[in-house]
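Good morning, everyone. Please bring up the model and keep it in view while I talk.

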Amino acid sequence: MDETEFWELVDATREAAEGDPEEQADLLVERLLQLDPEMVLDFSRHFEARYNRAYTWDLWGAAWLLLDGASDDAFDFFRCWLIGQGREMYESAVHEPDSLADLLDDFDEEFDGDGEELGYAADEAYEQLTGTIAPDLGIAPAPAEPVGAALDFENEQALADRYPKLWERFRLRD
């Protein structure tokens, strides 16, 4: 599975799920079950590489604003959700997290931003196909700490300065 096929599968399941991340995860498992186990592992490698790439302080700050706070786990689930939004949104957000203010039509912190189940879809499909747990993917591990300069998420002025569009659009809504 190449990168284009990976993103096509992500897009097709998101569109069919009408943006519901849990439904998207279920549809993704169904689609992955139609592939051979090695293709499922390829999908998992693409997913994990993007998940690891999104482990940055800058993106965590954006998640913090959108989710009105984001623990370690919440940020993990946010990164899965972001991958589930497709290539354009993912690449834009990783490059410039404040761009999410322009890319998101709406954001409901109770519904959006949590793609936990998406993170398990490939493992679930592989296990159903083979009866075994997926082997090591052979990709570089995630960094021990987020990449970039740490941010003080409790400093509202620093967040407003770093993410002016997100701050104006989503934080000031409260």
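**Arginine 50 and its contacts**

Leaving aside its neighbours within four places in sequence, arginine 50 touches Glu3, Phe6, Trp7, Ile83 and Tyr90. Contact here means heavy atoms within 4.5 Å. A word on the source: this is a predicted model, where local features need pLDDT of at least 70, side-chain atom pairs count only at pLDDT 80 or more, and totals for chains, interfaces and linings use all residues. Residues are numbered from 1 along each chain as its sequence is written, and side-chain values use heavy atoms, with hydrogens and water left out.

Back to arginine 50. Find it in helix H3, residues 37-53. Helices are DSSP runs of H or I with at least four residues, numbered from the N terminus. Is arginine 50 buried or exposed? Its relative accessibility is 11%, so it counts as buried. The cut-offs are these: buried is under 20% relative accessible area, exposed is over 50%, and partly exposed is in between, with a 1.4 Å probe and protein chains only. Arginine 50 and tyrosine 90 are 40 residues apart in sequence, yet 8.7 Å apart in space, C-alpha to C-alpha.

**Helix H4**

Next, helix H4, residues 57-67. How many of its 11 residues are buried? The count is 10, so H4 is largely enclosed by the rest of the structure. Among the buried ones are Trp57, Trp60 and Trp64. Leu59, Leu65, Leu66 and Leu67 are also on that list. What do they pack against? The partners are H5, H6, helix H7 (100-103), helix H9 (156-162) and helix H10 (164-171).

Pick out leucine 65 in H4. At 2% relative accessibility, it counts as buried. Alanine 160 is 95 residues from leucine 65 along the chain, and their C-alpha atoms are separated by 9.4 Å.

**H5 against H6**

Two packed helices are described by the angle between their axes and the distance between the axes. H5 covers residues 72-84 and H6 covers residues 87-95. They pack at about 130 degrees, and their axes are 7 Å apart. An axis is a line fitted to C-alpha atoms, for helices over the stretch in contact, and angles run from 0 to 180 degrees between N-to-C directions. H5 and H6 are therefore oblique to each other. For the scale, under 35 degrees is roughly parallel, over 145 roughly antiparallel, 65 to 115 roughly perpendicular, and the rest oblique.

Which residues meet? From H5, Trp81, Leu82 and Ile83; from H6, Met89, Tyr90 and Ala93. By class, this contact has 6 nonpolar residues, no polar and no charged. Nonpolar means Ala, Val, Leu, Ile, Met, Phe, Trp, Tyr, Cys and Pro; charged means Asp, Glu, Lys and Arg; the others, Gly among them, are polar.

Stay in H6 for valine 94. Its relative accessibility is 17%, so valine 94 counts as buried. Apart from neighbours within four places in sequence, it contacts Arg53, Ala54 and Leu59.

**Two positive phi values**

Most residues other than glycine have a negative phi. Glutamate 18 has a positive one, near 50 degrees. It sits in the loop between helix H1 (3-16) and H2. At 73% relative accessibility, glutamate 18 counts as exposed. Aspartate 68 is not a glycine either, and its phi is positive, about 60 degrees. Its loop runs between H4 and H5. Aspartate 68 counts as partly exposed, at 44% relative accessibility.

Last topic. The largest pocket has a volume of about 230 Å³. Of its 16 lining residues, Glu22, Phe111, Gly113, Asp114 and Gly115 are the closest to its centre. Helix H2 (21-32) and H5 are the elements that give two or more residues to this lining. By class, the lining has 6 nonpolar, 2 polar and 8 charged residues.

A pocket is an open set of points on a 1 Å grid over the protein atoms alone, where a 1.4 Å probe fits, with protein on both sides within 12 Å along at least five of seven lines; lining residues have an atom within 4 Å of a point. Grid points are joined across faces, edges and corners, and the volume is the space filled by probe spheres set on the points.

The second largest pocket has a volume of about 170 Å³. Its lining includes Trp81 and Met89, two residues that also take part in the contact of H5 with H6.
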